[in-house]
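Work through the exercises below with the sequence and the 3D view open. Try each task before you read its solution.

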Amino acid sequence: IDTDSMVQWYRSTAASELHRQNSTARWDTLPRRSMMPWSRERRSALAQLRAFKDDAGRALRLSALIELYSHLEQEGAMRGLQALVLAIFFKAGGESMAMDVCNSNGTGRLSLMEFVGS
């Protein structure tokens, strides 16, 4: 048996096994809380709310942001698409309400143009 061939076979088998383990790893587990920015963002919004408490419009907007950041932190959402989808559902009052608002052509599927136009 050729030693180089055996070493190459072993390395490819080990690489295949490592790839299999990585591809079957659970990606849906919640990230560590320290990785999520929502508590920091919520604290920042709270500080701004205290500073602008006399401005009713800004206070209303900041209060809504604080609620959203609390929801995103509770859901364990990372920044990006997951946070965007959860924020839309939260603001609309749920997934079905969000789809009702965005699905203007009534197909039951959300197209890019419907999403952009909503």
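**Exercise 1. Which helix supplies the largest share of the lining of the largest pocket?**

Step 1. The model is predicted: local features need pLDDT of at least 70, side-chain atom pairs count only at pLDDT 80 or more, and totals for chains, interfaces and linings use all residues. Residues are numbered from 1 along each chain as its sequence is written, and side-chain values use heavy atoms, with hydrogens and water left out.

Step 2. Helices (H or I, at least four residues) and strands (E, at least two) are DSSP runs, numbered from the N terminus. A pocket is found on a 1 Å grid over the protein atoms alone: an open set of points where a 1.4 Å probe fits, with protein on both sides within 12 Å along at least five of seven lines. Lining residues have an atom within 4 Å of a point.

Step 3. List the lining. It consists of Leu81, Leu84, Val85, Ile88, Phe89, Glu95, Ala98, Met99, Cys102, Leu110 and Phe115.

Step 4. Assign the helices. H4 and helix H5 (95–102) each supply at least two residues. The largest share, five residues, comes from H4.

**Exercise 2. How many residues of that lining are nonpolar, polar and charged?**

Step 1. Sort by class. Ala, Val, Leu, Ile, Met, Phe, Trp, Tyr, Cys and Pro count as nonpolar, Asp, Glu, Lys and Arg as charged, and the others, Gly among them, as polar.

Step 2. Ten are nonpolar, none is polar and one is charged.

Step 3. The largest pocket holds about 180 Å³ of space, where volume is the space filled by probe spheres set on the points, and points are joined across faces, edges and corners.

**Exercise 3. Find the salt bridges in the whole structure and say which parts they tie together.**

Step 1. Apply the cut-off. A salt bridge is a side-chain nitrogen of Lys or Arg within 4 Å of a carboxyl oxygen of Asp or Glu. The search finds two.

Step 2. Take Glu41 and Arg79. Their side chains meet at 3.0 Å, N to O. Glu41 lies in helix H2 (residues 38–51) and Arg79 in the loop between H3 and helix H4 (81–92), so this pair ties together parts that are 38 residues apart in sequence.

Step 3. Take Arg42 and Glu73. Their closest N and O atoms are 2.5 Å apart. Arg42 sits in helix H2 and Glu73 in helix H3, so the pair ties together parts 31 residues apart in sequence.

Step 4. Check exposure. Buried means under 20% relative accessible area, exposed over 50%, and partly exposed in between (1.4 Å probe, protein chains only). Glu41, at 24%, counts as partly exposed. Glu73, at 19%, counts as buried.

**Exercise 4. Which residues form the aromatic pair, and are they buried or exposed?**

Step 1. Set the limits. Rings of Phe, Tyr and Trp (its six-membered ring) pair if their centres lie within 6.5 Å; planes under 30 degrees apart count as stacked, over 60 as edge-to-face and the rest as tilted.

Step 2. Name the pair. The structure holds one aromatic pair. Trp38 and Tyr69 are stacked, 5.9 Å centre to centre, with 20 degrees between the planes.

Step 3. Trp38 is in helix H2 and Tyr69 in helix H3, 31 residues apart. Both are buried.

**Exercise 5. Where does His71 lie, and what does it touch?**

Step 1. Locate the residue. His71 is in helix H3 (residues 56–75). Its relative accessible area is 18%, so His71 is buried.

Step 2. Find the neighbours. Contact means heavy atoms within 4.5 Å. Not counting residues up to four places away in sequence, His71 touches Leu86 and Phe90.
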